[in-house]
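Please keep the model open while reading.

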Amino acid sequence: MTGIAFPAPDPRILARKAEIVAALRRLVADPSAVIDDPVELAPYETDGFTAYRCLPLAVVLPASTEEVSRILAYLTREGVRVVPRGAGTSLSGGAIPLADAVVVGVARMNRVLAIDTANRTARVQTGITNLAISEAVAEYGFFYAPDPSSQLACTLAGNIAMNSGGAHCLKYGVTTNNLLGVTLVLPDGSVVELGGEALDQAGYDLVGLVCGSEGQLGIVTEAVVRILPKPEGARPVLLAFASSEAAGACVADIIGAGIVPVAIEFMDNPAIRICEAFAKAGYPTEAAAMLIVEVEGSDAEIDAELARIVAIARKHGVIAIKESRSATETAQIWKGRKSAFGATGRIADYICMDGTIPTSRLPEVLRRIDEIVRGYGLRVANVFHAGDGNLHPLVLYDVNDPDQAARAEAAGADILKLCVEVGGCLTGEHGVGLEKRDLMRHQFTEAELAQQAAVRRVFDPLELLNPGKVFPLDLTVKAAA
Amino acid sequence: MRFEPESEAQAAEVVSACAEKRLSLRLEGGGTRSAIGRPIATAGVLSSRKLSGVTLYEPAEMVVSVRAGTPLAALEDLLAGHGQMLPFEPPDYRVLLDSSGEPTVGGIVAGNLSGPRRVAAGACRDSLIGLRLINGTGEILRAGGRVMKNVTGLDLVKLLCGSWGTLALITEATFKVLPRPEDALTLCLRGLSDAEAVAAMCAAMGTPFAPSAAAHLPAGVGSPEPRTLLRLEGFRDAIRYRAERLAQLLAEHGRAEPIEGAESAALWRAVRDVTFLAEPRDRVIWRLSLPPRRGAEAVARIREARPCTVFYDWSGGLVWLATSEEGDGGAAIVRAAVEARAGHAWLMRAAPELRARVPPFPPRAARVRQLEEGLKKAFDPFGLFNPGLREAGL
């Protein structure tokens, strides 16, 4: 695809590649931490948004906050652009490089620094994977709550950059609600500690501002996260329906009845079939729509809550109910859902959208998404977090057919505009990145974008960090000059 | 000059006109917390009091939007009528500060003020999902929205929440809300020292039995005997079960007795509103925010140097401390003890003379302060809003 423009590379920087690489090697203890060979650079040319790619000038994988600080100070002094990177799993192109940019990756900084169960906090380096945090605290009976589907691979650094969510955020919130402090390296190389182990911050909520700033305010090298005691137990129930409308209405009634499950996941028929073929989770492949509703607590609490949920589902004509009876069945049910993207990738190429809508508009929006995608002659599979209205329509297409690719991109844009039109937003958890940059004017006014850009420039006056993302290109300082 | 605009558009006109003439403004909601921060003199007062009313309420989506001047009590009544509530249990400091008027939604948001449930359910900033605001050039802007999951652009909602009216005038706020628990029950342990109490609270918060609040009232605070309180909320059967399990786990700290109904509710209201420390009036009040397990340790250090009365909320992470106004009101001692333990301290109540002399808001590192100055300029380039309220120059 070529619909989204990259900022033009600076030929003067491109010409200085050898000098910049040599300087970077002097700034890190391990010279192998700097990669400049085109073959070795290839794995860094894209992220989870694979339709776009670009080889960077170089990649550097620092081992400490001090190295990150020296690297950023040098690159800023020389006017070199920087693309921060975690594991490169971004679905919105947040980590896609530029030809004249140095990728600064935090993957080597993946240690747990301190676990404090009395305080319910853990201090970690941000190259750690999301799941590794939960694994590190599991022996104490704790876990880290945000659980994006890519949690096996994605780093905390990326989660902080995108303010990632997950299936269980209906109860536990997203990254920003579980992040207490960060060590932030600013573009000029200065290192600031924001927040920490206390519940409140002194001064403005800069932790909240940095979370979700898509790598444009600085590079977060360490973080203090909230860890939570594991519930006594958790159990999902599958509820199948003959229509998406019935499933959507059931979700609204569950919430309206004062029940807040830890997760309510929605899959439509194409998604059910795709995931079942892959995970053999026992999903009802004839159903038009399916919900996975998970509740937590003691056995008795779970029984009581599931009984209330099933009673509500019956009022909406549920056609099949399957309660998990064992840990194996629970894992199986979630495996199907969490492998949705991977399983879809086996049958077709797809772009995964990520808009959020008010949940009361669910049935209407699902119908209109179907119309939009069919209008472009394509197919869609829907799998999303229904409790909070965060949709993930997967628009299926053939990447080798440029016409299909262009139609898929157009259908995706129409879906996101629809989300904004009904009172929602362009992105619920994947971030704007490269993908939705040019749609920002559908959600924000010029004054609102200008205000955000002014805030960005407080941290990064030269806009060297992750350029070409989030803000339409004509809003950058260079365009303004 | 006092401005009480009746619409957002009118408010924007007031700000634009003041920006043109460089007239500074004190931003105000109900005025019940105007004695917090440094005393400031401004050319005018801009009140959001008349920007009132609910603009959106979808109980089935757990979302509510209200204009900033809406009395907090009106919002809470509306939610209660639908079996819902604001998760963060907003406090009412009128007794503590000896002020009158109606606390407003805008004021709570501007201060990011949260009560006892904050330790389990997050702060005001965690429930706040959208804002409408007017910046210092009179532009009407939106931040966030009305959906719970939204990562589109910079999260200015978090930045504005707790900025004490120094960046923008908040005109409307959108919250995610929660169902009201069917029932509540408080477990009370008696006779614990501060250190034992903090250990017990931290242990309880680390169990799956999910207390929604944890506070410790030392001897002399509301009762001659020390009381450590753990609140459980939820469906009736579930909290009976959790209370039983929690009591077993805490057996080494003593026998946990249940407190229920109105008595439990009144206790937590007093913790939330800090009414225990309201008298005597000549005491200054400090608010200490610390890693919870270090709360008692910090207090022990302060006590060595200065007599004080304290109680603990948030499992030890929030300490309310009353001491004499003598000298610097304890600033040097309190801040040294707290900052050595990764915390910070606010001077929440003191005579204007002391608040002019001792920075009431906690200090930050020089580079962080520089960022804050930059943010202030980015929103309020002429320095119109609450100039110097947090600190000289901010």
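Helix 8 (194–205) of chain B packs against helix 11 (residues 295–305) of chain B at an angle of about 165°, and their axes are 8 Å apart. Axes are lines fitted to C-alpha atoms, for helices over the stretch in contact, and angles run from 0 to 180 degrees between N-to-C directions. The two helices, helix 8 of chain B and helix 11 of chain B, are therefore roughly antiparallel. Angles under 35 degrees count as roughly parallel, over 145 as roughly antiparallel, 65 to 115 as roughly perpendicular and the rest as oblique. The crossing of helix 8 of chain B and helix 11 of chain B is right-handed. A crossing is right-handed if the near helix is turned clockwise from the far one by less than a right angle, and left-handed if anticlockwise.

Asp194(B), Ala195(B) and Val198(B) of helix 8 of chain B meet Gly295(B), Ala296(B) and Val299(B) of helix 11 of chain B. Contact means that the C-beta atoms of two residues, placed from the backbone, lie within 7 Å. The contact of helix 8 of chain B with helix 11 of chain B has four nonpolar, one polar and one charged residues. Ala, Val, Leu, Ile, Met, Phe, Trp, Tyr, Cys and Pro count as nonpolar, Asp, Glu, Lys and Arg as charged, and the others, Gly among them, as polar.

This is a predicted model: local features need pLDDT of at least 70, side-chain atom pairs count only at pLDDT 80 or more, and totals for chains, interfaces and linings use all residues. Residues are numbered from 1 along each chain as its sequence is written, while chains are lettered from A and ligands numbered from 1 in the order in which they are written. Helices (H or I, at least four residues) and strands (E, at least two) are DSSP runs, numbered from the N terminus.

Chain A has a helix pair of its own. Helix 2 (residues 17–27) of chain A and helix 4 (residues 65–77) of chain A pack at about 155°, with axes 10 Å apart. That angle makes helix 2 of chain A roughly antiparallel to helix 4 of chain A. Their crossing, helix 2 of chain A over helix 4 of chain A, is right-handed. Helix 2 of chain A brings Ala23(A), Leu24(A) and Leu27(A) to the contact, and helix 4 of chain A brings Glu67(A), Arg70(A), Ile71(A) and Tyr74(A). Five of the residues in this contact of helix 2 of chain A with helix 4 of chain A are nonpolar, none polar and two charged.

Next, the whole of chain A. It holds 18 helices and 18 strands. The radius of gyration of chain A is 23 Å, close to the 23 Å that the globule rule gives for 481 residues, so chain A is as compact as a globular protein of that length. The radius is taken over C-alpha atoms, and the rule is 2.2 Å times the number of residues to the power 0.38. The C-alpha atoms of chain A fill a box of roughly 70 × 55 × 45 Å along the principal axes. Of the 481 residues of chain A, 59% count as buried. Among contacts in chain A between residues at least 6 apart in sequence, 72% join residues at least 24 apart.

How many residues of chain B are in contact with chain A? The number is 61, and they touch 74 residues of chain A. Helix 14 of chain B gives the most to the side of chain B that touches chain A, with seven residues. By class, that side of chain B has 29 nonpolar, 16 polar and 16 charged residues.

Some single residues deserve a look. A residue is buried if 20 or more other C-beta atoms lie within 10 Å of its own, exposed if 12 or fewer, and partly exposed in between; C-beta atoms are placed from the backbone. Most residues other than glycine have a negative phi, and most peptide bonds are trans.

| Residue | Phi | Other C-beta atoms within 10 Å |
|---|---|---|
| Glu214(A) | near 55° | 27, buried |
| Asn112(B) | about 45° | 23, buried |

Glu214(A) sits in the loop between helix 8 (206–210) and strand 10 (219–226) of chain A. Asn112(B) lies in the loop between helix 4 (105–111) and helix 5 (118–121) of chain B. The peptide bond from Glu279(B) to Pro280(B) is cis, with omega near -10°.
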